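Thanks for making time for this. I would like to walk through one model with you, looking at how its parts meet, and I will give the cut-offs as we go.

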Amino acid sequence: MVDTSDPVTQWAFMIVVSVVMGTFLLIAVALFRRWQQIRYGRYVHILQLQYRPVLARVLSGARRPADIDTLRELPLSDLEILFEPLFSRRRLPERCLVFFQALCLELGLIELWQSRLASGRLAAPSSSGNGANHESLGRSGTRIFLQAISIRNLGALRHRPSWPLLIKALDDRRPEVQFVALRALGAMGAPASFPVLRERLHAVAQGNSPSPPLRGLQAAMASFDLACVPALLPSLGHTDRHIRLHSTEILRTIVCREAARQPRLALTQQLLTPQIVELLLAALAVDTNSETRARAAEVIVFLADPRATPALRNLLLDHQWFVRLRTVQALAHLRQSAAPLHLQIRGCLRDSHWQVREAAIRTLLSLGPEGTNQLYEHFLTSPNHTTRNQIVQVIERRGLMFKLVELYSNGTNGVDARMVEQLAIGAAPLGLSEVLRTLTPEVRLRFLSRFFSDAEAKIRFHEGKQPDVESTLSPKHILDFPPHLAA
Amino acid sequence: MSHIHTFFDDWVTVFNLVVLSYFFLGNGIYTILMLLSLRATWVHQRQMAYQGLEALRHSPLTPPVTIIIPAWNEQDVIVNCVRTALQADYPHLQVIVVDDGSTDRTLDRLVKSFGLVEMDGAYHPSIPSAPVRTYYINPTVPSLLVVSKVRGGKSDALNAGINLCRSPYFCNIDADCLLERDSLLRLMDPVVNSAVQTVVSGGIIRILNGCETRGGRLLKVGLPRTWLERFQVVEYLRCFLSGRTGWHLLGGTLIVSGAFAVFHRATVIEAGGFSHDTVTEDMDLIVELCQWAADNHRKIRTSFTSDPVCWTECPSTLAVLANQRRRWQLGLCQTLWKHSGILFRSRYGIVGMLSFPFHSYVEGMGAVVEFLGYVLVPAFIYLGMIPSRLLLVFILLGFVYGGFLSVGAVLLEELTYRRYPRLKDLVTLLIFALFENLGYRQLVLYYRFQGVLKFLAGSRRWEKVAHVGATAEELP
């Protein structure tokens, strides 16, 4: 049927054969790669079986010269394989960092990594042995890969003398190397590198330099200690709005991380320098860029300065809703010292934006009994059923309903009791009944006996209607409450 | 009479050209995509080897994410899916399950398994959705919120989830999916490290059938037992590792699986949320976002990464496979038709000039062209209406080259992620890749052709894909 003497047919036939051969070539490559991988896996397994106990003894701190000598005899490439899990799995703990640095230095690993970066070329391992060419087995030793591994390891070890090499790596044309160098610089946290990074930030934010990537730079700078913050002063007071924004974001991140470590963090002038405090209160809190104002608010919250309270008050009244939102969210960090701002935060419960209202509810709840009381008072007096719904929702999601019911069952009076009564008569028709259902019989009995002690009034109130969220939360019904319930 | 004969001859010639151009274009572009993917996946995998995820996990710049799980009659799989979502390794995570008016025990199982209690909720819809009826929480599992709403379809359930979500990003996963522990971190990596705002980040879907799971965790990766499922494993590898990675590199991502993707919440809300117009709301949203961004002069980025893995069940019977493929093709045609305005419009960049036309011709119309090609070309050759040498070209393009591409995808997997650890699995995959184009592709093509017919008939019916229980648990 097919004329094989036809040139077109011959061409087609040749192409078919080529494609079939190409397919089988791909199959062969796949099988070869698998074979290589199996071989490499076996090599690593044997190496680990043989030397892991030695490494474990060395890392445990039992410094036996024989063990160190055994490791020293290994080719550097094998040592890298042995040490790889320590660098790649998790952050090295602080307590063993000095010892680990000394070990790597003694074994010549740091020198190897530094030489790879300094030359910009692949440095050959200084010793040879049975596994010197292991990289050709599975982890093919491309230049970029080994450079990146070296950068990462120096960063993970926090070997601060190597920071100039990492800064040099930022000029590498390959984004992968720049990226890992930024991360390593952040992990290392060498104070001397911070001003250099700041200058890079200026260049990138102003568009004078396309690399390194802005986000990576920002993340790296945000990883530095609070002690480096004074070096941010030129950026915070810069005339370029982008630089101000990025540097405020870096400052905010450093401060928030520090606050998570120290719950009672207070930023004094000694910590931040008087110039930065002044900038925050006088310039950044009223910056033309609302994003900068929002970020500044999150730092001002931690300032130990009497001028911080009026600045925060103004930020709570900002015309941009997300500035108000971030300020009210940040105020949750204040704990007990937020007393002068309680009323302003309570004012946010009447905000036009629902996210600000919700954030205010959460903030008040996180401010302890005083804040909680402010929230309950607002709930009992507010005619706005949307806000009341939001309050109920947050109370239930936080599991506070259980606590309220228990307090009420134990005979507690005051705002908590009035709150429970309002919730019971319809403000939280679902949540409260669910809580009652899960209570122990004794607590439930105590609750019901107290609640129905004034049964006649309640029956009158419920007469002819079954409460639901919408109807019971309207202002009219709040006024209809029995006198002892209508606060 | 001779006029009719001439007309018929012309028609046959044109038809042959269309069929051949379809195969040349499709195979050519897929080869380019495969080569691009090979390099990109290799580089990405190396990057992950030395970067790791530790920095991202502890970075203060890693934004919170909410996982939204829409569920409709998913009683067999929902509990494991929620467990896997709650176990995800991510610093700030919330999980919202939207029960879209299930008529089975989906909600009941959730309430019992997670000790949920009803609560009073406040709903602030930013995008329209059917009303939410009930909220369920367990204060001891604060990161989980379950809501029950009036049935409105998957896109409506997702919209309700977006309304309840408080984080800047949300990730939607299907109820029959299992996430790998670090997949969300991997999915967020391009979002956090991108200079341009990334509004969509998609990951790879792999097939769960044949794997060993327990309590929402994947214990052992393996190949499924039946030929139908094994062909789908190869097909998924080709589609995700070659196709989508390649399109991502070209900047023409048009499809990100709705079973596992992260979206920027505010941008999705601005673009109007998930639409009810099509049965593939995921693709529709991506195209909508591209269109919206270009129209509003916004610089956004869509990303696809091939190492965040979500494991999902694939159909194990022909009937279920037919349902699934008809729906996918129907949704594709609906989306292409709905957004046909961006076709060959330079303002939409690569999407408008290359990706959308390619999907329209090769993926959309291609189902008809290829189906008719398989039926008519052999018939024409048999009747002597076209030269017999075309048969060789047709065999080359239709069968042999497809095998080359499928084997290439398996090789890509082997060079990079190597998820199937046993040598036996690799050999099986290679054999199935070799023969994927001899029968299976034609079968799927037939279902896709039916999907096109459904589109032409104006159907909008969602065909539910039944789960056989790879992620399922025994009902109490």
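The C-alpha centres of domain 1 of chain B and domain 2 of chain B lie 27 Å apart. Chain B is divided into domain 1 (24-31 + 354-456) and domain 2 (32-339), with bounds that come from an automatic or database domain assignment.

Before going further, this is a predicted model, in which local features need pLDDT of at least 70 and side-chain atom pairs count only at pLDDT 80 or more, while totals for chains, interfaces and linings use all residues. Residues are numbered from 1 along each chain as its sequence is written, and chains are lettered from A and ligands numbered from 1 in the order in which they are written.

Between the domains, 40 residues of domain 1 of chain B are in contact with 39 residues of domain 2 of chain B, contact being C-beta atoms, placed from the backbone, within 7 Å. On the domain 1 side, helix 13 of chain B gives the largest share, 15 residues, where helices (H or I, at least four residues) are DSSP runs numbered from the N terminus.

Turning to the other chain, 45 residues of chain B are in contact with 57 residues of chain A. Here the largest share of the chain B side, 16 residues, comes from helix 12 of chain B. That side of chain B divides into 28 nonpolar, 10 polar and seven charged residues, with Ala, Val, Leu, Ile, Met, Phe, Trp, Tyr, Cys and Pro counted as nonpolar, Asp, Glu, Lys and Arg as charged, and the others, Gly among them, as polar.

Technical notes
Contact = placed C-beta atoms within 7 Å. Helix = DSSP H or I, 4+ residues; strand = E, 2+ residues; numbered from the N terminus.
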